[in-house]
Structure formats: structure tokens, C-alpha cells
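This report walks through one protein model. Start with the fold, then turn to the side chains.

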Amino acid sequence: MTSSIHEQIIKDLNYIAQNNPELFTDEVRVSLENLLSTLPNDLKDIEEISDAIVIWVEEYPQIHNTLMKLPISSSSERGAGGIPTRITPKEAKGLLDNIVRQSKSSSQSKTSSQL
């Protein structure tokens, strides 16, 4: 069972956030946080989340370009036996929430180190 393109988009955004945190400025973080708050809690379909991300990321060319340059397998997470793991809508929202929190703490540590 392979990850769908919708799952891959979410995993790739998470991969970029972990490996290119400088792209997630305060403005980007706030925008992503706003996007996250608009997603219903009872989502049953990962496609709705990835579609929202695809639209959102177009506002941020650096993130969009980085996303487009990723090789297909670069951020694949694999479970036991090398089988790609599937993510649920709840897990996808959790990943987005983690991106927001990580970029917020990264931004705060930069600010405090500049004082």
C-alpha cells in the first residue's frame, strides 16, 4: 500500500518544515495557523486537507518551489517491513499543528538570541 498523493503533500510540507525552518517565517506560521483553524475537526478525508495546503502554499513561492523540487520518495515515512505508513485526517492536522508550534518556537529562539 503506497501513500496517496494527498498524504505525500502533507508529509512533504512537514519534511520542508523540519529541514528548511527558515522558510516558515512569522507570517507563514500565522497563515498556516489560520488555515488549520478553518479545517473542520470531523474531517473524514485527507484530500480536503491536502487540497487546502496546495491552495495555501501557492501564496508562498519559496515553500511552493521547495515542495515542487522534492523527489517523490524524499519524505516517505515507512513502517514495519518498509511499508509506507498511511496518515489519517487527524494525524495530518496534528502534523500541521506541529509545524506551527515548531516554527513558533524557532522564531522565538531567534528573537531571544538576538537580544
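The sections below cover the basis of the model, its fold, its salt bridges and some selected residues.

## Basis of the values

This is a predicted model: local features need pLDDT of at least 70, side-chain atom pairs count only at pLDDT 80 or more, and totals for chains, interfaces and linings use all residues. Residues are numbered from 1 along each chain as its sequence is written, and side-chain values use heavy atoms, with hydrogens and water left out.

## Overall fold

The protein chain has five helices and zero strands. Its pattern along the sequence reads α-α-α-α-α. Helices (H or I, at least four residues) and strands (E, at least two) are DSSP runs, numbered from the N terminus.

Of the 115 residues in the protein chain, 39% are buried. Buried means under 20% relative accessible area, exposed means over 50%, and partly exposed lies in between (1.4 Å probe, protein chains only). The accessible surface of the protein chain is about 6,900 Å². Carbon and sulfur atoms hold 53% of that surface. Accessible areas come from the Shrake-Rupley method with a 1.4 Å probe; for residues, only the protein chains shown count as cover.

Contacts also describe the fold. Among contacts in the protein chain between residues at least 6 apart in sequence, 82% join residues at least 24 apart. A contact means heavy atoms within 4.5 Å.

## Helix α1

Helix α1 covers residues 5–19. It is mostly covered, with 11 of its 15 residues buried. Among them are His-6, Glu-7, Ile-9, Ile-10 and Leu-13. Lys-11 and Asp-12 are buried as well.

The length of α1 agrees with expectation: at 1.5 Å a residue, its 15 residues should span 21 Å, and its end C-alpha atoms are 20 Å apart. The expected span of a helix is 1.5 Å times one less than its number of residues.

## Salt bridges

The structure holds four salt bridges. Each is a side-chain nitrogen of Lys or Arg within 4 Å of a carboxyl oxygen of Asp or Glu.

Glu-7 pairs with Arg-86, with the closest N and O atoms 2.9 Å apart. The pair links distant parts of the chain: Glu-7 sits in α1, and Arg-86 in the loop between α4 (61–69) and α5 (89–114), 79 residues apart. Glu-7 is buried at 1% relative accessible area. Arg-86 is partly exposed at 41%.

## Pairs within helices

The Glu-33 to Arg-29 bridge has an N to O distance of 3.6 Å. Both residues lie in helix α2 (residues 26–38), four residues apart, about one turn of the helix. Arg-29 is buried at 11% relative accessible area, whereas Glu-33 is partly exposed at 32%.

In α5, Asp-97 and Arg-101 are four residues apart and so separated by about one helical turn. They form a salt bridge, and their closest N and O atoms are 3.1 Å apart. Asp-97 is partly exposed at 30% relative accessible area. Arg-101 is partly exposed at 48%. An α-helix has 3.6 residues a turn, so residues three or four places apart point the same way.

## An aromatic pair

There is one aromatic pair. Trp-56 and Tyr-60 form it: 5.1 Å centre to centre, 45 degrees between the planes, tilted. Rings of Phe, Tyr and Trp (its six-membered ring) pair if their centres lie within 6.5 Å; planes under 30 degrees apart count as stacked, over 60 as edge-to-face and the rest as tilted. Trp-56 is buried at 4% relative accessibility. Tyr-60 is buried at 11% relative accessible area.

Ser-50 lies in helix α3 (residues 46–57). It is buried, with a relative accessible area of 0%. Not counting residues up to four places away in sequence, Ser-50 touches His-6, Ile-9 and Ile-10. A polar atom of the Ser-50 side chain lies 3.2 Å from the backbone oxygen of Glu-47.

Is Met-68 buried or exposed? Met-68 is exposed, with a relative accessible area of 55%. This residue lies in helix α4. The C-alpha atoms of Met-68 and Ile-9 are separated by 9.9 Å, and the two residues are 59 apart along the chain.

Definitions and conventions: Polar contact = N/O pair within 3.5 Å; in protein donor to acceptor, adjacent residues only side chain to side chain.
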